[in-house]
Amino acid sequence: MSNIKCQCGHENPFGTELCEKCGRPLSEKAKKSDIVDMRYEGSSRRSQTYSSSIIDKIWNFFSSVKIGVSIIAAVLIASAIGTIFPQKFYVPATTDAEYLAYYERLYGTVGKLYYQLGFYDMYNSWWFKILVGMLGTSIIIASIDRVIPLYKSLKKQRTRRHPSFMKRQRIFGEGEIVNTKESLDNAEKKLKDFHYNIKREDGAILAEKHRFSRWGPYVNHTGLIIFFIGVLLRGIPGFYVDETMWLREGETRNIIGADGYVLENRGFILENYTKEEAEEVFGAALDKVGSVVKNYQTDVTLYKKKDGALPGSDDLEKMKDYSIVVNKPLTFNGYSVFQMDYKLNELSTMTFHLVEKTTEKSLGEFTVNLSNPEKEYDLGNGSTVDMLGFYPDYDGIKDGEPYSKSPIPNNPAFIFQMNTPDKPEGEKSFIAIQQTLEVEENDYAVKFAAADTRNISGLTIRKDKTLYILLLGGLVFMIGVIQGMYWQHRRIWIQEDSEGHLLIAAHTNKNWFSLRKELDKLRESADLPAYIDRQDPELDKLEQEGDENIWT
Amino acid sequence: MAKKVNKKKNRLIFRTVLLVIMAAIIVYAITSKDKVTVLAEGDKAPDFELVDLDGNAHRLSDYKGEGVFLNFWGTWCPPCKKEMPHMEDMYKDFEAKGVNILTVNVGEPKVKIELFRDDMGLSFPMLWDKNKTVMDLYNIKPLPTTFLINPEGKIIKIIKQGMTEEQIREFLESIQPK
């Protein structure tokens with residue numbers, strides 16, 4: 001592939017439509033056309049060159065706008081399909097078989113297919129990641145392939161263009177002018193008033209403004225790439241955490257997602273507005289719904305594993321006490337722990353009386369802490385109660401034994417052994433809520449007296465180091481959009497040809513109407529030939545004065 | 001001409017580098033796991049320190065050079081309960097052969113675990129993960145989950161279900177030091 005040498009002597013890369021310097025049409029297509037295609041200045045897009053090696057072929061594939069648009073369409077369609085059924089995240093299952101069963105049960109064969117094709121966990125599926133990666137590649141390569149030649153040809157452009165370039169512009173005019181020198185001087189002055197940058201060489205003017213508007217799309221793409229990088233960083237451990245956990249009052253638990261930190265819930269508080277304090281604001285609402293929440297709060301203590309201590313060890317140091325309320329998270333080392341949810345009134349303690357059945361006389365009472373029960377409860381008068389069995393979520397008898405279906409005290413049941421001075425060898429009794437079983441008739445019984453409850457805080461653990469990268473990406477994106485949208489790159493060429501005619505041509509990347517208005521004003525102060533907009537000739541004929549017969 | 005050849009060469013290098021970077025990013029995105037680092041077979045087993053019911057501290061690194069059969073369990077989980085007696089039967093034999101059975105209860109009340117142990121007559125170390133730190137560290141989802149850790153400290157297998165007596169024996173033998 002060789003360079004194309006223009007008649008003006010400039011060497012252009014293979015594939016160039018218009019000479020970078022003088023603007024002469026070089027390709028057959030450009031020579032034949034009435035109006036030249038000014039996209040990328042008729043420069044050679046790099047993708048059109050050298051496709052000798054496999055690397056070049058891949059490069060050219062990604063450089064294509066058609067391919068880019070197809071990839072965007074594919075991402076869009078896939079994303080749309082991904083919203084049809086719930087994503088994996090919302091499905092109550094843990095193993096692959098359970099997921100498959102879930103989708104098949106609820107959505108039949110389509111659901112099965114949905115699972116098998118990976119739509120159920122789309123953002124983590126390999127093909128979605130490949131698509132997004134290809135999109136990123138396409139944006140980068142297509143931009144590089146266009147911005148560099150465009151930059152080069154705008155930089156190389158000459159003030160005097162070849163008449164064949166001028167004649168193929170959408171806006172063009174030609175005519176005999178009495179005093180060309182004076183016209184050019186006047187035009188230059190006026191164009192300066194319009195804030196054009198002027199280049200003048202003998203008998204030719206190039207007036208140009210807002211060239212930076214041409215870089216808008218590429219700035220915009222740079223913003224997108226920065227955004228992609230931010231999203232990509234979220235996948236690297238340490239950059240992004242978004243977890244939730246339940247923490248019971250009194251419980252001390254490892255913080256999910258924040259290695260080495262442990263959190264204790266010292267109490268959950270739910271406060272409502274009283275009628276007196278909020279009559280003015282919530283009076284009507286309080287009358288209507290009964291209560292309006294004033295505060296959700298979890299009082300916590302944060303502990304950190306000591307340096308060098310292993311996970312799981314009790315070697316913790318207290319960091320701080322804090323009250324988490326909505327929008328005021330506990331923060332430490334880049335993490336934020338937010339108040340997100342709550343559950344009220346889970347059983348926490350149960351108090352029992354030990355009574356003699358016949359007299360109904362109490363020998364004392366004891367309280368079982370359901371999250372930390374004891375082996376033996378001493379009632380202090382020679383009587384003790386031993387814990388022989390504890391079933392926090394009792395669900396009937398299985399294989400001859402009481403069965404607890406979870407570790408949560410939803411329906412506690414116990415086997416107690418009652419040791420009294422009367423019966424030192426002890427009597428056994430099975431106690432569940434509203435149920436007592438005895439092996440043989442006992443003299444003593446454990447009677448339920450009272451229960452206490454506790455609340456559970458729902459907390460969200462967040463860490464996001466990519467936020468500012470995403471923000472920067474968005475900002476750059478918007479700057480690019482504004483740059484490309486609100487300014488137009490305009491150029492006006494005025495030159496005297498060898499026969500003494502004055503030629504005028506103009507080009508803009510958008511908003512031709514304003515360009516024409518500017519030209520009309522220019523013609524008021526400088527004697528210039530009438531021009532025509534060849535994509536809208538009628539319009540111009542009506543507006544302009546002067547020689548209108550040049551095209552006929 | 002030499003300049004042109006050079007330019008062409010540079011362009012090829014640039015294109016190759018950029019494409020390789022993009023391909024590497026895609027491959028990384030596909031192979032990297034979820035936000036949480038999930039342990040996989042072949043990974044090094046993270047060290048931890050837990051206290052058993054008798055108050056003895058156990059560190060995983062204490063067992064370097066020996067196999068560790070690390071079993072996470074809860075009293076309410078029927079398959080956990082089912083496999084415990086088999087583990088008890090083999091515990092002494094394999095301890096002599098350099099394979100240790102360590103069980104980790106995921107944060108139940110201590111008394112509950114003691115009652116369970118006494119009821120079942122178990123004698124192997126029962127570690128108590130009261131803050132669920134090790135459970136989170138090992139990313140335990142279903143119970144029981146068992147990690148087979150070889151004498152070099154590597155996880156060679158993760159079993160996310162109950163095991164039969166025969167399976168337990170095979171697994172214990174698989175991490176026996178040679």
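Let me start with a rule: two residues are in contact if their C-beta atoms, placed from the backbone, lie within 7 Å. With that rule, 36 residues from chain B and 41 residues from chain A take part in the contact between the two chains.

Before we go further, a word on what we are looking at. This is a predicted model, in which local features need pLDDT of at least 70 and side-chain atom pairs count only at pLDDT 80 or more, while totals for chains, interfaces and linings use all residues. Residues are numbered from 1 along each chain as its sequence is written, and chains are lettered from A, and ligands numbered from 1, in the order in which they are written. The model scores ipTM 0.85 and pTM 0.75. For chain B the mean pLDDT, which is the predictor's confidence in each residue from 0 to 100, is 90, and 95% of the residues of chain B reach 70 or more.

Back to the contact, then.

Now chain B as a whole. Chain B has 5 helices and 7 strands, and from the N terminus on they run α-β-β-β-α-β-α-β-α-β-β-α. An automatic or database domain assignment sets the domain bounds, and chain B is divided into domain 1 (1-32) and domain 2 (49-174). Taken over C-alpha atoms, the centres of these two domains of chain B are separated by 51 Å. The C-alpha atoms of chain B fill a box of roughly 90 × 35 × 30 Å along the principal axes. In chain B, residues 24 or more positions apart account for 75% of the contacts with a separation of 6 or more.

What about the inside? A residue is buried if 20 or more other C-beta atoms lie within 10 Å of its own, exposed if 12 or fewer, and partly exposed in between, with C-beta atoms placed from the backbone. Of the 178 residues of chain B, 36% count as buried. A nonpolar core is a set of buried Ala, Val, Leu, Ile, Met, Phe, Trp, Tyr and Cys residues joined through C-beta atoms within 7 Å. The largest core has 58 residues, and B:Phe69, B:Phe72, B:Val104 and B:Ile149 touch the most other members. Beyond its neighbours within four places in sequence, B:Phe72 is in contact with residues including B:Val106, B:Met135, B:Tyr138 and B:Leu143. A second, separate core of 33 residues includes A:Leu26, A:Phe165, A:Met166 and A:Leu519.

One more residue in chain B: is B:His86 buried or partly exposed? B:His86 counts as partly exposed, because it has 16 C-beta neighbours inside 10 Å. B:His86 sits in helix H2 (residues 78-96) of chain B and touches B:Glu165 and B:Ile168, not counting residues up to four places away in sequence.

Finally, chain A. Chain A has 12 helices and 24 strands. The radius of gyration of chain A is 41 Å, well over the 24 Å that the globule rule gives for 552 residues, so chain A is more spread out than a compact globule. Along the principal axes, the C-alpha trace of chain A spans about 135 × 65 × 50 Å. Chain A is divided into domain 1 (45-145), domain 2 (168-208 + 488-543) and domain 3 (347-452). The C-alpha centres of domain 1 and domain 2 of chain A lie 50 Å apart. Of the 552 residues of chain A, 32% count as buried.

Notes. Helix = DSSP H or I, 4+ residues; strand = E, 2+ residues; numbered from the N terminus. Rg over C-alpha atoms; globule rule 2.2 N^0.38 Å.
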